Amino acid sequence: MSITIQVFDPAMCCPTGVCGPDVDPELTRIAADMHLLETKGFAVTRYNLGNDPAAFVENEAVQQALNTKGAEVLPITVVNDKIVLQNQYPSRAQLAEWTGLAEADLKAKPTSSIDISIN
């Protein structure tokens with residue numbers, strides 16, 4: 001079975017929220033985790049309420065959560081069309097559980113080393 005993960009973010013200044021002078025480290029982590037999952041072949045998408053309002057309307061469960069609890073319910077994480085988390089971003093342990101990966105596999109590893117020689 002393929003795994004689909006969608007994160008519905010609150011309205012932010014840019015699509016990822018990783019911008020401006022005071023970057024929230026949690027936003028940096030979730031952006032990196034989602035990118036890593038994507039590189040491993042998982043279908044992952046983040047929607048920003050400010051940039052992608054149609055996605056919030058099209059997903060009935062997300063729309064209902066917003067109508068019931070207001071924007072404070074965001075972020076919402078949906079796995080295979082089911083809300084699994086509200087009001088916080090998923091931890092690496094949760095992402096590992098949902099995808100079947102080991103938590104260690106969700107930590108970005110350097111892709112190459114650089115050898116600097118000074119002559």
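**A chat about the sheet and its helices**

Reader: Let's start with Thr-77. Which residues does it touch, leaving out those up to four places away in sequence?
Author: Happy to! This is a predicted model, and in it Thr-77 touches Ile-5, Gln-6, Val-7, Lys-82, Ile-83, Val-84, Leu-85, Gln-88, Pro-90 and Trp-98.

Reader: Is Thr-77 buried or exposed?
Author: Buried, because its relative accessibility is 0%, and buried means under 20%.

Reader: Where does Thr-77 sit?
Author: In strand β3, which covers residues 76–79. Its opposite number in β4 is Leu-85.

Reader: How many bridges join β3 to β4, and are the two parallel or antiparallel?
Author: There are 4 bridges, and the two strands run antiparallel.

Reader: Nice. What is the strand order in the whole sheet?
Author: The order is β2-β1-β3-β4, in an open sheet of 4 strands with mixed pairing. The edges are β2 and β4 (82–86), each of which pairs on one side only. On average, neighbouring strands are turned by 20° against each other, ignoring direction.

Reader: And β1 with β2, parallel or antiparallel?
Author: Parallel: strand β1, residues 4–9, is joined to β2 by 6 bridges. Within that pair, Gln-6 stands opposite Thr-45 of β2.

Reader: Which residues of β2 are on the covered face, and which on the uncovered one?
Author: Val-44, Arg-46 and Asn-48 make up the covered face of β2 (residues 43–48), while Ala-43, Thr-45 and Tyr-47 are on the uncovered one. In a regular strand, side chains alternate between the two sheet faces.

Reader: Switching to helices: which strands does α1 lie across?
Author: Helix α1, residues 25–39, lies across β1 and β2, at about 145° to β2. Helix α4, residues 92–99, lies across β1, β3 and β4, and runs at about 165° to β4.

Reader: What about α3, which of its residues are buried?
Author: In α3, residues 60–69, they are Val-62, Ala-65 and Leu-66. Seen down the helix axis, these fall within an arc of 95°, so they line one face of α3. Their cover includes β1, α2 (53–58), β3 and β4.

Reader: Which exposed residues are on the face turned away from that buried side?
Author: Glu-60, Gln-64, Asn-67 and Thr-68 are the exposed residues carried there.

Reader: Last one: what does Asn-59 do at the start of α3?
Author: A side-chain oxygen of Asn-59 comes within 3.2 Å of the backbone nitrogen of Ala-61. Just after the helix, Gly-70 has a positive phi of about 80°.

How values were computed
Residues are numbered from 1 along each chain as its sequence is written. This is a predicted model: local features need pLDDT of at least 70, side-chain atom pairs count only at pLDDT 80 or more; totals for chains, interfaces and linings use all residues. Side-chain values use heavy atoms; hydrogens and water are left out. Buried means under 20% relative accessible area, exposed over 50%, partly exposed in between (1.4 Å probe, protein chains only). Two strands pair if DSSP finds at least two bridges between them. Contact means heavy atoms within 4.5 Å. Axes are lines fitted to C-alpha atoms, for helices over the stretch in contact, and angles run from 0 to 180 degrees between N-to-C directions. The arc is that of the directions from the helix axis to the C-beta atoms. A polar contact is a pair of N or O atoms within 3.5 Å; within protein, one must be able to donate a hydrogen and the other to accept it, and residues adjacent in sequence count only if both atoms are side-chain atoms.
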